[in-house]
Amino acid sequence: MQQAVEVTRRGPSVAVLAFEGMSVFEIGIVSEVFGLPRPEFGFPWYDLTICAETPGPVRVVGGASLYTDHGLDRFAEAETLIVPGVPDVHAGPSPALVETLRTAHARGARIMSICSGAFALAASGLLDGRRATTHWRYADELRSRYPDVDVDADVLYIDDGTVLTSAGSAAGLDLCLHVIRLDHGPTVANAVARRLVVQPHRDGGQAQFVESPVPADPDDDRLARSMEWAVAHLTENITVDVLAQRAHMSPRTYLRRFTRATGTSPIRWLITQRVHASLPLLESGSTPIEEVATAVGFETAVTFRHHFTQTMRTSPSSYRRAFHP
């Protein structure tokens, strides 16, 4: 068994800002991704610091307190600054935090927000003229208070260069994995995702529903088996009639049960599976888009690009540029 290489050097600095009344979930996401040592990679991992506007105890949900010695001065020094939320979306951040964010951004630091943290970035002017997202509950409020921000509430996160925003709390995990993918490539990001037991990349937006092979009746696995067969034969001409035949049902019955079980249609689900199957091909090599399309069952590259963009909200070429090592 290969031994992990001991790494004692410090990696890129990351600072996350704790605030009064917060849930520790957002801090936990950042700590899990950037704070835990990962000697198995053989290079310095991130150097995480938890900060607060005022050093000392920070009360969190549940009656506990989180204590930190680090204030805004340490927060401002980091290469990546993360604002995981704000105490009140209807109240502006402190002038000190606004100045800290502006100064850090001016020197080229990467600024990230999770959930309502986008309000602090917007108040600092960092989102003016940019696309940004936040939790869907707060999207209208963000749009109303900061009309210069192009608010997109139908995505999990937005990467706009040195300013990145994510949707509701769990989407912060998607954004953090995206940052690892940018910094270290998809292989490392996928390894971290496996450690976290999460998907390396979630597609869709905040209103997404889960399209998974779950049969309507736990005692009837005919749907699941037909879906497993489809995933293994994506290059074939698969229709509802073909799937129904595999499940020993009439097409009408199959369509009804499939929709009830998954919340989507068989063809829509099949398109999603083909798009997902294309991701490793785009990440791992320079195979022409036309060949990738054929390899996962799309008739033409045009059709592939259309459905890929609809599903992933980016083009195959842009995805490859972002996630190819």
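**Close-up views of a predicted model**

**View 1. Ile 267 lies in helix H11, which spans residues 266–284.** The structure shown is a predicted model. Ile 267 has a relative accessible area of 37% and is therefore partly exposed, a class that lies between the limits of 20% for buried and 50% for exposed residues. Leaving aside residues up to four places away in sequence, Ile 267 is in contact with Ile 238 and Val 240.

**View 2. Helix H8 (residues 222–232) crosses helix H10 (residues 251–262) at roughly 90°.** The axes of these two helices come within 11 Å. On the H8 side, the contact involves Arg 222, Leu 223, Ser 226 and Met 227. These residues meet Tyr 254, Arg 257, Phe 258, Ala 261 and Thr 262 of H10. By residue class, the contact of H8 with H10 comprises 5 nonpolar, 2 polar and 2 charged residues.

**View 3. Strands E1 and E2 pair in the parallel sense.** Strand E1 covers residues 13–18 and strand E2 covers residues 47–52, and their pairing extends over 6 bridges. Within this pairing, Ser 13 has Asp 47 in E2 as its bridge partner.

**View 4. A right-handed β-α-β unit is formed by E1, helix H1 and E2.** The helix of this unit, H1, consists of residues 24–35. The two strands of the unit, E1 and E2, are parallel partners.

Notes
Residues are numbered from 1 along each chain as its sequence is written. This is a predicted model: local features need pLDDT of at least 70, side-chain atom pairs count only at pLDDT 80 or more; totals for chains, interfaces and linings use all residues. Side-chain values use heavy atoms; hydrogens and water are left out. Axes are lines fitted to C-alpha atoms, for helices over the stretch in contact, and angles run from 0 to 180 degrees between N-to-C directions. Helices (H or I, at least four residues) and strands (E, at least two) are DSSP runs, numbered from the N terminus. Contact means heavy atoms within 4.5 Å. Ala, Val, Leu, Ile, Met, Phe, Trp, Tyr, Cys and Pro count as nonpolar, Asp, Glu, Lys and Arg as charged, and the others, Gly among them, as polar. Two strands pair if DSSP finds at least two bridges between them. A crossover is right-handed if, with the strands pointing away from the viewer, the path from the first strand over the helix to the second runs clockwise. Buried means under 20% relative accessible area, exposed over 50%, partly exposed in between (1.4 Å probe, protein chains only).
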